[in-house]
Amino acid sequence: MRAFTTLTAAAAAALTCAGLAAGPAAAAPSTTTDVRLITFNDFHGNLQPPAGSSGRVTLPDGTTVDAGGAAYLATHVKRLRGEVDNSVVLSAGDNVGASPLDSALFHDEPTMALLNEIGVEASVIGNHELDEGYEELLRMQVGGCHPDDGCQFRDSYPGAEFPILGGNVYFDNGVNAALPFTVTVSGGVPIGVIGVTLEDLPLVVTPEAVEGLEFGDEVEAINSSSRLLDRLGIRTQVVLVHQGDNTEGGGPDDCRTVPGPATAIARAASPSVDVVFTGHSHQQYNCTVTDPAGEPRTLVQGASFGRLLSVVDLKIDKRTRDVVRAATTAHNEIVTRTVTPDPAIQALVDEAKTKAAPIANEQVGTITADLVRAAPESGESPLGDVIADAQLAATASNDARIAVTNPGGIRTDLTHAGSSAGEGDGVVTYGEAFAVQPFGNIMQTMTLTGAQLKTVLEQQWQPKPDGTVQVRMLQISSTLHYSWSRSAPVGSKVSDIAVAGEPVTPDATYRVSVNNFLAAGGDGFAEFTNGTDIAGGPVDLDAFTAYLAANPNIAPPAADRVTVLP
């Protein structure tokens, strides 16, 4: 491909120098076609501009820019499409689920309407697409009213106008449960779009959500689809993978990633794949990795909540219909709020907001300052403290002595300014509380021994096959205190565990409240599945709102529950 291009250019130059062309030389026809790929990930139904840190993008110098909001996203997409003749809009999953109330109240139908309106041509199954199970995912794809609630947003729901891909998602009989790839044409060139989700998806959803489904190796599924596309003569291939790496900071186009599963997938996938768009980890990075044939390949992710658009510009050889890799450029475009919001999408957002308002605007409590989910090295966050305390209070009738919750279940900050930035009144509405805890998980109280409790806390550090360690710091109630050591090996990091000021002993028993996601071993906390004498409790959101109502003017708690040792 490159040799042909070089020889053609050299021959044209030689003819021009020899003076064989009569009169002014006509411009040689371009040998390539330009195609722009515009992708976002982990939108999570954020129709309105997200609040707090969830609505800001960090720049390379550490400063931040307000970003996100569906109407602004649509404006940026239109501009980016208008800058080139050929473009394709894609999504790397988690479009829905864990959504604010104005989308979630209507089973995310407003968000699906947004994706249709801005012209998404393909997406991939994220773990949150399965929050309500496979049947609901199927309804999102093909349309129809919700089987229990009917059509509440509009009179009908037409479904997605694009395929939701999942090449490594199978029924338990081995049959594909979703399309593995799709083909779209842009600039006269067929483009194969392969979609796979994380193989470990069952670890981050409830067992009921994936009953009857199996999830295979991401690279094997990518390569299987890539081989078929090769046989069909489709040489331009891109991957949407709902899996991502973490970062060590930096701006939208930095590549300060901690090598993780997305990098491993991008390095191992078929050399025919030209670009890998990632998601799931809600990070911003723009990297180049080397494929198995030694060629460069873009690996990119655009944070979350519609704050960034990952833009990859391809040059595609017209003869081979393959990407000229060395000419690929990529950047993460900030969805700033300084542009004019798209009027059609703003009308959609306003419609959802208005229909949700009677429930969303109800006051449920007050706070004296921001309660943020971000945590220092200890892992203990102000918002996590409050939520765990709320869950303990809500399960007191189960004789609970401790409450523990997973950080992934805390979706956004609770800000003093509220959803109307600048008010600073400290009022917490139901809609704001819902945005923090949108899953509707059920509280469960179980009995654990002291030894089991220590095992749970040790499972916050989870070794991965690539030699790295995944850290998931649980949020704990004020009744639980412990220390952990930076230098101690995985499995022996935790010490000085105390409940209500008393040292924990291995054989003593403790009543511990968790949500049903953790109770089923979610996020790798398998020890919870060994709990006994399980008693049910309220929905976690109800526990949270009841605590807010009973405790007005909540301030950020002192960060004294977890101590970090050398």
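Visitor: What makes the largest nonpolar core a core, and how many residues has it?
Guide: This is a predicted model. In it, the largest nonpolar core has 49 residues. The term asks for buried nonpolar residues joined through side-chain atoms within 4.5 Å. Those with the most contacts inside this core are F40, M112, L114, I118, L130, L309 and I345.

Visitor: Which elements supply at least two residues of this core?
Guide: They are β1, α2, α4, α5 (134-142), β10 (213-215), β17 and α8. Helix α2 gives the most, with seven residues.

Visitor: Which other core lies apart from it?
Guide: Another core, of 26 residues, lies apart. Among its residues are M446, M473, Y482 and V504.

Visitor: Which residues is L130 in contact with?
Guide: Neighbours within four places in sequence are left aside. L130 is then in contact with I125, L137, L201, A209, V210, L213 and F215. Contact here means heavy atoms within 4.5 Å.

Visitor: How do you know that the span of helix α2 agrees with its number of residues?
Guide: Helix α2 covers residues 70-82, so 13 residues. At 1.5 Å a residue, the helix should span 18 Å. Its end C-alpha atoms are 18 Å apart, so the two values agree.

Visitor: Which residues of α2 are buried, and what do they pack against?
Guide: A70, A71, Y72, L73, A74, T75, H76, V77 and L80 are buried in α2. The buried residues of α2 pack against strands β1 (32-40), β4 (87-91), β17 (308-317) and β18 (329-334). They also pack against helices α4 (109-117) and α8 (343-360).

Visitor: Why is G69 called buried?
Guide: Buried means under 20% relative accessible area. G69 has 2% relative accessibility, so it counts as buried. G69 lies in the loop between β3 (64-66) and α2. Not counting residues up to four places away in sequence, G69 touches N46, L47, Q48, P49, P50, G306 and V335.

Visitor: Is S381 buried or exposed, and why?
Guide: S381 has 1% relative accessibility, so it counts as buried. It is in the loop between β19 (363-366) and α9 (382-394). Beyond its neighbours within four places in sequence, S381 is in contact with V372, R373, A374, A375 and Q475.

Visitor: Why does P358 count as exposed?
Guide: Exposed means over 50%. P358 has 65% relative accessibility, so it counts as exposed. P358 sits in helix α8. Its C-alpha atom is 9.8 Å from that of G431, 73 residues apart along the chain.

Visitor: What makes V490 partly exposed?
Guide: Partly exposed lies between the two cut-offs, 20% and 50%. V490 is at 37%, so it counts as partly exposed. V490 is found in the loop between β26 (480-485) and β27 (494-499). With V469 and V471, V490 forms a nonpolar patch on the surface. Together they have about 210 Å² of accessible area.

Visitor: What is the phi of R321, and why is R321 called partly exposed?
Guide: Phi of R321 is positive, about 60°, although R321 is not a glycine. R321 is at 34% relative accessibility, so it counts as partly exposed. The loop between β17 and β18 holds R321.

Visitor: Where is A500, and why does A500 count as exposed?
Guide: A500 is in the loop between β27 and β28 (502-503). A500 is at 56% relative accessibility, so it counts as exposed. Its phi is near 50°, a positive value in a residue other than glycine.

Notes. Residues numbered from 1 in each chain as written. Predicted model: local features only at pLDDT ≥ 70, side-chain atom pairs only at ≥ 80, totals over all residues. Heavy atoms only, no water. Helix = DSSP H or I, 4+ residues; strand = E, 2+ residues; numbered from the N terminus. Expected span 1.5 Å × (residues − 1). Buried < 20%, exposed > 50% of the residue type's maximum accessible area, 1.4 Å probe, protein only. Patch = residues over 30% accessible without salt bridge, like charges linked within 9 Å, V, L, I, M, F, W, Y side chains within 5 Å. Areas by Shrake-Rupley, 256 points an atom, 1.4 Å probe, with all protein chains shown as cover. Salt bridge = Lys/Arg side-chain N within 4 Å of Asp/Glu carboxyl O.
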